[in-house]
Protein chains: 2
Amino acid sequence: MFNLENIVDRIKETTESNNINALKEILDSYHCADLAEILQVLKPEERIIAFKAIDEDKAAEMLEYAPAQMQVEILSELGEEQAAKIIVKMPHDDVADVFAEMEQDETENYLNKLPTKVSTEIRELLAYKEDTAGGIMTPHVLTVNKDMKIEDVLSFIKNQAEKNDFELYYLYVTDHQKHLLGVVSLRALLTKPYKTKIEEIMTSDIVKLHIDDPQDAVADIFMKYQYSALPVVDLYNRLKGMITWDDAQDIVEEETTEEIYQTSGISTDLVDEDEIIFGSTIAAIRARCPWLFITLIGEFVAVNVANSFEGTLNALPIIAIFMPLLAGLGGNIGTQSITLITRGLSTGQVTLNAALFHIWKEVKVGFLIGILFGTLVSIVTWRWQNNFNLGIVVGIAMVVNMTMATLLGTLTPFILKKLNVDPAIASGPVIATTIDVLGLIIYFSLVSIYMLRII
Amino acid sequence: MFNLENIVDRIKETTESNNINALKEILDSYHCADLAEILQVLKPEERIIAFKAIDEDKAAEMLEYAPAQMQVEILSELGEEQAAKIIVKMPHDDVADVFAEMEQDETENYLNKLPTKVSTEIRELLAYKEDTAGGIMTPHVLTVNKDMKIEDVLSFIKNQAEKNDFELYYLYVTDHQKHLLGVVSLRALLTKPYKTKIEEIMTSDIVKLHIDDPQDAVADIFMKYQYSALPVVDLYNRLKGMITWDDAQDIVEEETTEEIYQTSGISTDLVDEDEIIFGSTIAAIRARCPWLFITLIGEFVAVNVANSFEGTLNALPIIAIFMPLLAGLGGNIGTQSITLITRGLSTGQVTLNAALFHIWKEVKVGFLIGILFGTLVSIVTWRWQNNFNLGIVVGIAMVVNMTMATLLGTLTPFILKKLNVDPAIASGPVIATTIDVLGLIIYFSLVSIYMLRII
């Protein structure tokens, strides 16, 4: 239905031959979301030519679908005059997000080019922290009075549409001081008789967000209650704005990305998650070093363990070659357990109450896979090295190692959750290292006890 | 605001003391989404007592927020008569999902207890595959005629509300054979003059889903175009139903979970992702063995590499103890790179076109962190083992190992993407094993070349 490579090839041809009309025609036939995807894969110089060929309204809408760095890049390329024309047509919360990514001087330059009404509103939004409900919300909310009748509201909406830009999901009912009193669904508005008073169809048990709610809380509340929009209030319950599901969706995606990063030991506390990929090398190093450093310490413990069995190693150097095999498989099956439990805790599929069920199940899985793989490894080692006892030791170490790995991989996220620590944080690297250390102790102990006694 | 543990304690007390009225009162004060969360942490016997204490309408709505296995469990516990009363009140697409989880016999028993109109519709939904647009959609869509005026549509909606259950997101315009002609937003309906004909306000460039679209395509289209609902049509463009953003959200969550599982080497091809956690031990083992087995083969290659340096190991057994350190850190930093690129490719932040940028950046990061950690490790090893040359070799191996790990971790997802293979599939375990093997070759080669020559 939509072959990106073909389209991009056609666009590259028309920009090269400078055929702006043909370019306009191609671009005009696509949805704004498609355009955002197309522009993203163009080279910067082609991108700006293509952007200028899109008509202003569509260009503004297209930017809403584009990733933040592309928004900033395009607007900077356009120059302040041209950019201001596009910015006025964009939803103000999106503009505030773009400005938040820019240098303060640059932002000021743009703001000065905008009509006062627009710039004042954007300045207000910029005052909220970017990753709180206030920083995410749109201030354009349609509010009604509880004494209005449905027919009044319908004419009010028609009237407002000419003056203001707003998104319609719910109507919010406020008093004259803007305190939030209730919410009316469009369904209720459209299905009840025209003479019905708003008070009769509004819900007063309102799920709402507070202006300072951090964005992970916003994401959680959206996912839990599944409303297509939620009102945002201040400390005094005054309505300040609204967050819609599509903005919430972007946050959920961002939060999931952070969780995935953390599970693989990439810290998102010090560096913003966008910056880790697109920022400076120094930023990337800062995000990645902390847990690598913990791993380093952990692995030095492992080295020490191995070293303390120096006698064993000197007597039987061959046993060393099985260390990567045991560590690799233990780490692997342990990571599987961590992933299952951490992701389950985050989606709500797995609960702390069911911890025993999951621990027991994972240990069973680890033990049975351990038996399977242990047997395989035993036989292969025995025949290959022509050493039955070595086969037995490596096999038993494999069973114990895999069982312990699933136990640790399951137990740790539950313990962290119980302690109110996010189980995603560094579960991966810390547990993998612990598995390495314990695996070595088990293996060398088995060798010392069993093999050194019989050779 | 919502303290789950406190609430659950209070509920446990009232169920134990059999104080049903107090229980009803507590439950009545919570939102359906809260109730779903509360019931999930109750024990099965408490859960069914609590469920029966919720009034039928709210109970039906609560089930929509509950995970699939809890829905099945509660309905089975209730018995067919009682369950049928709840089922009629649930959206039919949700009921079809619950039935899809049950045994066919059981489903038939329930269907026979339902009114014919309801059961016919549910049977139709059950005919579609569960993980396609047809299996996800709701058939209850409000359709209008292009010649109607807005005022006609408003009375039509009021009229329909008495007879049918439907969700209001968009109005779909169809001809008399149900072919989809256009879509009207509620905003357009409410802001344009009453005499406007639907034809004038409808959009004919419609983003739509096909009944057989697989669920990952449904998720992608929702994320890309960000509509709160999308129409579903058959091969002949006849409107069959609609998918709303909250159902799409559930699919996105499921698809993300699958991606996370696959990156840690848990296969979701053979076993459904729910079953891996909640199904039989055999199912869990089947999902986890394939990539562990690949790891096993890879690690046997690593063992072989180490074995081929037997002479080196026998001459200098001490070098063996650094194997876990090198493998652990290489695997760790490699996993970070895989995670960054794979997640980026899946959210669209990272594109194939920018591959060189990312590869170069990751290699820089790997090299610089390698220098940092290599220096540390060199110094520690040198002072601890009182062996300068060993320190140098371990340090250099660390630099090369970490650089290679980031290179492999970045390159592989891009190559898979280029070959049209999902980069999430088994990236993790396969690359980790490859890093282990190459890391050992590098380390032992360095030892052979440098240290054995100088001792």
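Q: Is A:Ala100 buried, exposed or partly exposed, and how many C-beta neighbours does A:Ala100 have inside 10 Å?

A: Let's start with the general idea. A residue is called buried if 20 or more other C-beta atoms lie within 10 Å of its own, exposed if 12 or fewer do, and partly exposed in between, with C-beta atoms placed from the backbone. A:Ala100 has 17 C-beta neighbours inside 10 Å, so A:Ala100 counts as partly exposed. Before we go on, please keep in mind that this is a predicted model: local features need pLDDT of at least 70, side-chain atom pairs count only at pLDDT 80 or more, and totals for chains, interfaces and linings use all residues. As for names, residues are numbered from 1 along each chain as its sequence is written, while chains are lettered from A and ligands numbered from 1 in the order in which they are written.

Q: Where does A:Ala100 lie, and which residues does A:Ala100 touch?

A: Helices (H or I, at least four residues) and strands (E, at least two) are DSSP runs, numbered from the N terminus. A:Ala100 belongs to helix 8 (residues 92-101) of chain A. Two residues are in contact if their C-beta atoms, placed from the backbone, lie within 7 Å. Not counting residues up to four places away in sequence, A:Ala100 touches A:Leu126 and A:Glu130. From A:Ala100 to A:Thr15, 85 residues apart in sequence, the C-alpha to C-alpha distance is 32 Å.

Q: What does a buried residue look like, for example B:Ile243?

A: B:Ile243 has 25 other C-beta atoms within 10 Å and is therefore buried. You will find B:Ile243 in strand 6 (residues 239-244) of chain B. Its contacts, not counting residues up to four places away in sequence, include B:Ile136, B:Leu209, B:Val218 and B:Val232. B:Val232 is 11 residues from B:Ile243 in sequence, and their C-alpha atoms are 7.1 Å apart.

Q: Which residues have the most contacts inside the largest nonpolar core?

A: In soluble globular proteins, nonpolar side chains tend to be buried together. A nonpolar core is a set of buried Ala, Val, Leu, Ile, Met, Phe, Trp, Tyr and Cys residues joined through C-beta atoms within 7 Å. Here the largest one has 115 residues, and A:Leu326, A:Leu329, A:Met398, B:Leu326, B:Leu329 and B:Met398 have the most contacts inside it. A second, separate core has 76 residues, among them A:Phe222, B:Tyr172, B:Met202 and B:Ala248.

Q: Which residues are in contact with B:Ala302?

A: Leaving aside neighbours within four places in sequence, B:Ala302 is in contact with A:Pro324 and A:Leu325 of chain A, and with B:Asp436, B:Val437 and B:Leu440. B:Ala302 sits in helix 18 (residues 281-308) of chain B. B:Ala302 counts as buried because it has 27 C-beta neighbours inside 10 Å.

Q: What span should helix 18 of chain A have, and how far apart are its end C-alpha atoms?

A: The expected span of a helix is 1.5 Å times one less than its number of residues. The 28 residues of helix 18 of chain A should therefore span 40 Å, and the end C-alpha atoms are 39 Å apart, which agrees. The bend at a residue is the angle between axes fitted to the seven residues ending there and the seven starting there. Helix 18 of chain A bends by about 40 degrees at A:Cys289, and a proline, A:Pro290, follows within four residues.

Q: What is the phi of B:Asn18 near?

A: Most residues other than glycine have a negative phi, and most peptide bonds are trans. For B:Asn18, phi is near 60 degrees, a positive value in a residue other than glycine. B:Asn18 lies in the loop between helix 1 (4-16) and helix 2 (20-28) of chain B, and B:Asn18 is exposed, with 9 other C-beta atoms within 10 Å.
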